Amino acid sequence: MTDAPGLSLRGITKTLGGRKIVDNLDLDVNAGELICLLGPSGCGKSTTLRMIGGFMNPDAGTIAVRDRDVTALSPERRPTGMVFQNYALWPHMTVFQNVAFGLQVRGLSKAEIREKVETAVELVGLSHHLRSRPGQISGGEQQRAALARSIVLEPDVLLLDEPLSNLDAKLRVRVRDEIREIQRRSGITTVFVTHDQEEALAIADRIAVMNAGRIEQYDAPDPVYRQPATRFVANFVGTMNFLDAQVTSAGCALRDGTVIQVPGVRQGTRVLAIRPEDVRLVEHGQGIPARVVRDVPLGHYRDVTVSVGGQELHAFTPSTARPAGEVAVVFERAVDFAPDGETAHV
Ligand SMILES: Nc1ncnc2c1ncn2[C@@H]1O[C@H](COP(=O)(O)OP(=O)(O)OP(=O)(O)O)[C@@H](O)[C@H]1O
């Protein structure tokens with residue numbers, strides 16, 4: 001990875017149907033980096049990706065690839081390659097022909113085409129399927145063929161729009177890891193759109209968490225998960241408990257008046273955000289009083305719901321533990337938010 005920006009968006013804005021879908025968005029992607037645009041349905045991820053690829057024009061703002069302004073260029077003149085959700089492979093052509101198509105349009109010689117196609121197809125691990133048609137290979141292989149078709153054109157920036165959404169759960173994980181590996185080896189700057197937070201945490205160098213056309217946090221997966229910048233991010237990424245508290249110098253008063261001590265929390269009306277894996281169940285009397293409400297075994301761990309201070313919290317515990325009745329909890333970590341969503345870390 002170098003310091004030169006692979007991609008820069010400045011002040012990108014788009015209004016559709018009278019609604020601001022993308023709102024004054026800035027985004028920098030380092031060369032060779034894979035970033036995810038992550039957010040709920042309708043937050044403007046695909047619209048942003050389409051504008052980067054040139055399939056839609058922004059109302060305002062600029063898009064630069066390697067410091068070159070490409071805002072006015074049509075998709076085929078941009079140094080970007082787009083892989084769509086549905087692969088969009090030609091069903092009557094072989095994998096070789098599908099991957100070769102873009103090079104033929106560019107007028108390369110037969111020998112050059114053969115060499116480039118073979119290199120791209122080998123990169124995605126499909127050399128044994130050069131002569132197969134899309135209908136003869138699996139969904140995951142079709143996605144890799146679509147990837148090869150983009151990569152073969154040597155784009156500066158690769159754009160992936162929910163590329164795994166047509167695959168079943170197990171295959172999603174496998175193809176996700178394969179895409180990551182292919183991206184690392186090829187070193188192509190990549191923007192990957194997903195609404196799946198686990199996918200983003202697993203694959204991205206950095207995640208831009210989007211909400212209503214804006215980026216709420218842009219950071220590496222670990223800080224996004226452990227130090228969410230806003231309540232929206234805390235809620236959207238991973239599972240989170242929220243506990244209402246009135247904080248004074250005497251401690252944090254919970255809804256039913258129970259006062260607990262959580263060091264570092266700011267005074268006033270606060271919302272404590274606590275990950276289920278940071279809620280440790282201990283023996284009655286050894287922590288904050290709690291009562292087990294539900295206990296759901298989920299294979300390698302249990303999702304235990306406890307009532308604490310008049311509110312219910314989830315605690316993820318090892319599957320061997322069998323908590324019941326009156327217990328206590330200890331919070332290993334908490335992040336406190338003002339009710340308007342602004343945050344402080346604890
Ligand atoms: N041509 C259009 N005219 C009017 N509204 C549009 C148009 N295209 C998209 N929208 C709206 O813009 C919003 C954002 O769409 P976009 O596809 O960018 O969202 P997204 O975050 O990618 O969501 P999803 O994961 O569902 O695709 C949606 O509410 C959509 O209905």
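Author: A crossing of two helices is right-handed if the near helix is turned clockwise from the far one by less than a right angle, and left-handed if anticlockwise. In this predicted model, the crossing of H2 and H3 is right-handed.

Reader: At what angle do the axes of H2 and helix H3 cross, and within what distance do they come?

Author: Two packed helices are described by the angle between their axes and by the distance between those axes. Here the axes of H2 and helix H3, which spans residues 110-123, cross at roughly 125° and come within 9 Å. The two helices are therefore oblique to each other.

Reader: Which residues of H2 and H3 make the contact?

Author: On the H2 side the contact is made by Val95, Phe96, Val99, Ala100, Leu103 and Gln104, and on the H3 side by Ile113, Lys116, Val117, Ala120 and Val121. By class, these contact residues comprise 9 nonpolar, 1 polar and 1 charged.

Reader: How do helix H2 and helix H4 pack, and at what angle?

Author: Helix H2 (residues 95-105) packs with helix H4 (residues 139-151) at an angle of about 30°, the axes lying 8 Å apart. Angles under 35 degrees count as roughly parallel, and H2 and H4 are therefore described as roughly parallel to each other. Their crossing is right-handed. Val95, Asn98, Val99 and Gly102 of H2 meet Ala145, Ala148 and Arg149 of H4 in this contact, whose residues divide into 4 nonpolar, 2 polar and 1 charged.

Reader: Which residues surround the ligand?

Author: The ligand is surrounded by Leu16, Gly17, Ile21, Gly39, Ser41, Gly42, Cys43, Gly44, Lys45, Ser46, Thr47 and His195. This shell divides into 3 nonpolar, 8 polar and 1 charged residues, and its largest share, 3 residues, comes from helix H1, which covers residues 45-53.

Reader: What UniProt annotation covers residues 7-237?

Author: The unreviewed UniProt entry carries the annotation "domain: ABC transporter" for residues 7-237. Over that stretch the chain is 36% helix and 27% strand, with the end C-alpha atoms 25 Å apart.

Terms used
Residues are numbered from 1 along each chain as its sequence is written. This is a predicted model: local features need pLDDT of at least 70, side-chain atom pairs count only at pLDDT 80 or more; totals for chains, interfaces and linings use all residues. Axes are lines fitted to C-alpha atoms, for helices over the stretch in contact, and angles run from 0 to 180 degrees between N-to-C directions. Helices (H or I, at least four residues) and strands (E, at least two) are DSSP runs, numbered from the N terminus. Angles under 35 degrees count as roughly parallel, over 145 as roughly antiparallel, 65 to 115 as roughly perpendicular and the rest as oblique. Two residues are in contact if their C-beta atoms, placed from the backbone, lie within 7 Å. Ala, Val, Leu, Ile, Met, Phe, Trp, Tyr, Cys and Pro count as nonpolar, Asp, Glu, Lys and Arg as charged, and the others, Gly among them, as polar. UniProt positions are given in the numbering used here, feature names are shortened, and annotations may be inferred rather than shown by experiment. A residue is near a molecule or strand if its C-beta atom, placed from the backbone, lies within 6 Å of it.
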